[in-house]
Amino acid sequence: MIRFQQVSLMRGVKSLLEQADATLNPGEKIGLVGPNGTGKTSLFSLLNGELHPDQGKVDFPASWRISYVKQEIPALEKTALDYVIDGDTHLRELESRLKQLQAGQDNTDNGLQIAELHARLEEAGVYTVRSRAGQLLLGLGFSQEELQRPVSTFSGGWRMRLNLAQALIAPSDLMLLDEPTNHLDLDAILWLEDWLKRYTGTLIIISHDRDFLDGIVNVILHIDDRKLRRYSGNYSAFERQRAEQLVLMQSTIEKQARRRAHLESFIRRFKAKASKARQAQSRIKALEKMEELAPLRAAAEFSFEFREPESSPNPLLVMEDIEAGYPAPDEKTPPATILSRIGFSLQTGERIGLLGVNGAGKSTFIKTIAGELPPLAGRFTTGKGLNIGYFAQHQVEMLRNEETPLWHLMRIAPDAREQDLRNFLGGFLFPGTMATSPIAPLSGGEKARLALAMIVWQRPNLLLLDEPTNHLDLDTREALTDALAQFEGTLVLVSHDRHLLRATTDRFLIVSDGTLQPFDGDLDDYRNWLFQTRLGKEAELPASSAASTTNGETSRREQRRIEAEERQRLFSLKKPVEDRIKRIEREMEKFQEKKSAIDSQMANPEIYAAENKEKLKTLLVDQAYYAKELGLLEEEWLQKQEELEKITG
């Protein structure tokens with residue numbers, strides 16, 4: 001097991017851990033969470049020996065093999081497949097020793113050692129290692145042809161996938177994964193989640209993807225106020241337990257405050273009276289012994305909202321027989337067509353999630369709508385007054401590091417008052433001098449928050465978001481999810497964050513085989529589709545094994561088909577009811593806000609003065625109207641919930 005015993009850790013002048021204790025058991029899958037800057041990555045450095053505690057100790061078996069993702073990105077000429085196999089250092093060491101011994105075969109002792117090494121190599125999986133490495137790379141989104149490409153030909157994000165594959169192939173007792181989904185698409189995340197569920201060692205993950213954590217971990221280790229707090233269950237269970245603790249602690253603090261006030265009152269009243277002096281002294285001692293309770297501190301909440309669009313044409317845009325792709329760079333080179341025969345119209349208020357494996361063309365489609373790529377053929381019509389807010393997949397890299405947040409906002413709002421821009425930036429956590437300082441030192445998450453602020457300022461009626469959560473922590477992701485759920489415009493979203501997709505979109509389109517088609521299903525159906533096609537286990541088997549498929553396997557496939565059809569049937573029944581429930585809830589929220597505003601005015605005694613008689617009449621009429629509408633909406637909401645319960649059984 002891993003034991004943290006009274007561990008204290010400083011980085012510079014900042015204290016990250018103070019006398020922290022925790023125990024992690026072998027085979028547990030642990031999610032390490034906490035606000036940015038609390039020391040999650042430093043704790044990994046303690047475990048892999050890169051850092052040592054200032055006080056206390058970290059214990060785990062010395063024989064444990066540790067696997068983690070390297071951060072350096074080498075530009076090597078060896079193939080991707082060989083680079084991944086290098087992650088199994090034990091196997092590579094055995095191969096190197098065998099090569100050395102074979103160079104001097106005339107020695108009799110060498111023959112015995114060579115035989116022994118062959119046996120050890122077989123135990124280490126030398127005959128299956130290339131197949132295993134290939135399966136890892138295919139699962140992480142590489143094509144069969146890319147397995148033989150030199151590492152130097154891949155971009156930084158793809159080299160990080162190679163490093164992740166290296167960590168996965170290495171035999172290990174403890175695996176440390178720091179944001180492993182950062183450079184992955186949804187299909188690769190689903191594959192990795194499935195792989196990690198079957199990992200038999202102890203696993204510790206840092207991740208801002210709550211669905212990813214929910215699907216894998218059974219323990220949460222929370223860095224809170226420089227302590228380590230252990231919670232059983234996945235991330236959702238942790239959130240529930242954490243909320244219960246905060247409520248309980250607040251109740252305890254309020255009880256203590258009442259008791260303290262009672263003691264202080266008694267002391268003030270009777271301290272000078274001789275007959276009560278002894279009782280007063282005993283209460284003074286009780287007050288001195290009373291421990292000052294510090295509440296469990298919740299992370300500072302960040303929230304924002306998209307401003308209501310000024311106008312919204314309907315339809316927003318229409319695509320007829322569009323060919324989408326990249327124009328020819330010169331006369332000799334033909335254009336690169338990615339998607340063909342796109343027939344698509346976008347109506348006001350639609351909320352669409354785009355699905356599809358890596359490289360299928362999701363970003364190409366988004367760029368074409370945004371005007372970043374001109375259509376190669378077909379007719380593309382946009383509505384008058386269309387105002388697009390576009391967050392590109394690499395939006396953060398497009399910001400100018402030498403400029404300030406205020407400069408970036410002034411560039412898109414040259415006529416706005418500087419104070420208005422400063423106030424707006426303050427709402428996105430860029431207060432004071434932070435708004436006028438260069439953004440170079442900011443984290444990726446802070447830069448992503450600035451990019452979102454720039455989009456919000458423009459009051460778009462169509463949001464095109466291509467992987468907006470890549471650099472965001474859990475709190476900011478939750479703020480984005482809430483803001484998008486309340487956004488009154490139209491949304492097209494590409495994201496590997498399943499929680500964001502579920503909470504903000506009403507339907508899905510799939511980009512596959514060069515086409516854009518409706519996807520009649522939810523994310524669970526998409527997962528099943530992936531594993532039955534590109535990520536399917538049958539596709540990973542050699543031809544000889546695939547040929548030996550048994551009748552039992554055929555039967556299982558038939559059973560899966562029947563189950564998928566049943567899910568599709570339920571989905572077609574549930575979808576319109578769920579969509580109506582969401583719309584009712586949004587309407588109820590708007591009416592409740594307006595009614596609450598009227599109630600607040602009615603609570604003001606001045607409204608009942610003679611000079612406000614007409615205003616009072618108007619408020620009473622409006623109050624009755626909103627109360628009636630709320631009642632009707634609540635009644636319909638209950639009816640729809642009953643319908644949904646009947647469908648789901």
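# Sheets, helices and a buried threonine

Guide: Let's begin with an open sheet of three strands, in the order β2-β1-β4 and with antiparallel pairing.

Visitor: Why is one side of β2 and of β4 left without a neighbour in the sheet?

Guide: Both β2 (14–24) and β4 (55–59) stand at the edges with a single partner strand each, so one side of each has no neighbour there. From one strand to the next, the twist averages 25°. By the way, this is a predicted model, in which local features need pLDDT of at least 70, side-chain atom pairs count only at pLDDT 80 or more, and totals for chains, interfaces and linings use all residues. Residues are numbered from 1 along each chain as its sequence is written, and side-chain values use heavy atoms, with hydrogens and water left out.

Visitor: How do you know that β1 and β4 pair?

Guide: Two strands pair if DSSP finds at least two bridges between them. Strand β1 (residues 2–11) has four bridges with β4, in the antiparallel sense, so the two strands meet that rule. Gln-5 stands opposite Lys-57 in β4.

Visitor: And what makes something a strand or a helix here?

Guide: Both are DSSP runs, numbered from the N terminus: helices are H or I with at least four residues, strands are E with at least two. One of the helices is α1 (residues 40–47), which lies across β1, β2 and β4 and runs at about 120° to β1. For such angles, axes are lines fitted to C-alpha atoms (for helices, over the stretch in contact), and the angle between N-to-C directions runs from 0 to 180 degrees.

Visitor: How do you know what span to expect for helix α6?

Guide: You take 1.5 Å times one less than the number of residues. Helix α6 (residues 156–169) has 14 residues and reaches 20 Å from first C-alpha to last, close to the expected 20 Å.

Visitor: Why is α6 called largely enclosed?

Guide: Twelve of its 14 residues are buried, so the rest of the structure encloses most of α6. Buried means under 20% relative accessible area, exposed means over 50%, and partly exposed is in between (1.4 Å probe, protein chains only). The buried residues of α6 include Trp-158, Met-160 and Leu-164. Among the elements covering them are β5 (66–68), α2 (80–85), α5 (129–139) and α7 (186–197).

Visitor: Why does Thr-79 count as buried?

Guide: Thr-79 has 16% relative accessibility, so it counts as buried. You'll find Thr-79 in the loop between β5 and α2. Leaving aside neighbours within four places in sequence, Thr-79 is in contact (heavy atoms within 4.5 Å) with Leu-147, Gln-148, Arg-149, Pro-150 and Val-151.

Visitor: What lies 3.1 Å from a polar atom of the Thr-79 side chain?

Guide: That's the backbone nitrogen of Asp-82. A polar contact is a pair of N or O atoms within 3.5 Å; within protein, one must be able to donate a hydrogen and the other to accept it, and residues adjacent in sequence count only if both atoms are side-chain atoms.

Visitor: What makes strand β3 mostly covered?

Guide: Five of the five residues of β3 (residues 29–33) are buried. Lys-29, Gly-31 and Val-33 point one way, Ile-30 and Leu-32 the other, and all are buried. In a regular strand, side chains alternate between the two faces of the sheet.

Visitor: Which strands does β3 pair with?

Guide: Three bridges join β3 to β7 (residues 202–206), running parallel, and Ile-30 has Ile-204 as its bridge partner in β7. With β8 (residues 219–224), β3 pairs in the parallel sense over four bridges, and Val-33 has His-222 as its partner in β8.

Visitor: What is the order of the sheet of six strands?

Guide: That open sheet runs β14-β15-β16-β12-β17-β18, with mixed pairing. Its edges are β14 (388–391) and β18, each with a single partner strand, so one side of each lacks a neighbour in the sheet. Strand β12 (residues 351–355) and β17 run parallel, joined by four bridges. Strands β17 (residues 507–512) and β18 (residues 515–519) run antiparallel, joined by five bridges. Their hairpin has two residues between the strands, and Asp-513 takes a positive phi near 55° there.

Visitor: How confident is the predictor, going by average pLDDT?

Guide: The protein averages 83, and 85% of the residues score at least 70, where pLDDT is the predictor's confidence in each residue, from 0 to 100. Over residues 296–300 the pLDDT is below 50, and beyond near neighbours in sequence this stretch has 14 contacts in the model.
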